[in-house]
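User: I would like to learn how to read a protein model. Could we go through one step by step?

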Amino acid sequence: MPGAAYVHVIGVDPAHRGQRIGRWLHEQFATTASRRGATVVRCITSPGNRASVAFHTRLGFEVEPSATLVDGVAVQSDYDGPGLDRVCFVRDLSRQPGVGAGRPGSVAGDGGEDA
Ligand SMILES: CC(C)(COP(=O)(O)OP(=O)(O)OC[C@H]1O[C@@H](n2cnc3c(N)ncnc32)[C@H](O)[C@@H]1OP(=O)(O)O)[C@@H](O)C(=O)NCCC(=O)NCCS
């Protein structure tokens, strides 16, 4: 898809979660992608991964709509193959000009378990 950059998976060592490392990784990626002409970043997570949904939402991602809901969150059926549903996120870089800001640091809460 023209103008779209894609993150298939992001993970932080459980011992180092909650220090804004995940945010920093996404911001670095978004900055690089934006400089190369991307206007949106897309990524996915597994249905039921509430921590991941919370994380991506905090970073400004929106869940792509669907009629199929898992735990109240829209999922795309068979996205990664038969039976492999996924939550799909999109972040409009043009609406968030501050990409690239911030450094890892202390935040409350830890991360999720499964991608
Ligand atoms: C999801 C993951 C990458 C987050 O990494 P992290 O470094 O702990 O996250 P950060 O510290 O950068 O958090 C960024 C923001 O998300 C929020 N956040 C992170 N984990 C959260 C959680 N479990 N619940 C609610 N909010 C959360 C933080 O509060 C923070 O908000 P703020 O910066 O606005 O204050 C990490 O938990 C992980 O590796 N999980 C397992 C793999 C996975 O599920 N990856 C995602 C799907 S591919």
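Predicted model: local features only at pLDDT ≥ 70, side-chain atom pairs only at ≥ 80, totals over all residues.

User: What does the secondary structure of the chain come to?

Analyst: There are two helices and six strands. In sequence order, they are arranged as β-α-β-α-β-β-β-β.

User: How many residues does the chain have, and what share of them count as buried?

Analyst: The chain has 115 residues, and 30% of them count as buried. As for contacts, take those with a separation of 6 or more: residues 24 or more positions apart account for 72% of these.

User: How are two packed helices described?

Analyst: Two numbers are used, the angle between the axes and the distance between the axes. Here, helix H1 covers residues 21–35 and helix H2 covers residues 50–58. Their axes come within 11 Å and cross at roughly 55°. H1 and H2 are therefore oblique to each other.

User: What is the handedness of the crossing of H1 and H2?

Analyst: The crossing of H1 and H2 is right-handed.

User: Which residues of H1 and H2 meet?

Analyst: From H1 come Gly22, Arg23 and His26, and they meet Phe55, His56 and Arg58 of H2. By type, the residues of this contact between H1 and H2 are one nonpolar, three polar and two charged.

User: Now the strands. Which residues of strand E1 lie on its covered face, and which on its uncovered one?

Analyst: Strand E1 runs over residues 4–7. Ala5 and Val7 make up the covered face of E1, while Ala4 and Tyr6 make up the uncovered one.

User: In which sense do E1 and strand E2 pair?

Analyst: E1 pairs with E2, residues 40–45, in the parallel sense, over four bridges.

User: Let us end with one residue. Where is the place of Arg42?

Analyst: Arg42 belongs to strand E2. The cut-offs for accessibility are under 20% for buried and over 50% for exposed, with partly exposed in between. Arg42 has 22% relative accessibility, so Arg42 counts as partly exposed.

User: Which residues is Arg42 in contact with, leaving aside its neighbours within four places in sequence?

Analyst: Arg42 is then in contact with Met1, Ala4, Ala5, Tyr6, Val7, Glu64, Phe89 and Val90. For Val90, compare sequence with space: Arg42 and Val90 are 48 residues apart along the chain, yet their C-alpha atoms are separated by 4.5 Å.

Note on methods:
Residues numbered from 1 in each chain as written. Heavy atoms only, no water. Axes fitted to C-alpha atoms, helices over the stretch in contact; angles between N-to-C directions. Parallel < 35°, antiparallel > 145°, perpendicular 65-115°, else oblique. Left-handed = near helix turned anticlockwise from the far one by under 90°. Contact = heavy atoms within 4.5 Å. Nonpolar A, V, L, I, M, F, W, Y, C, P; charged D, E, K, R; others polar. Buried < 20%, exposed > 50% of the residue type's maximum accessible area, 1.4 Å probe, protein only. Pairing = 2+ DSSP bridges.
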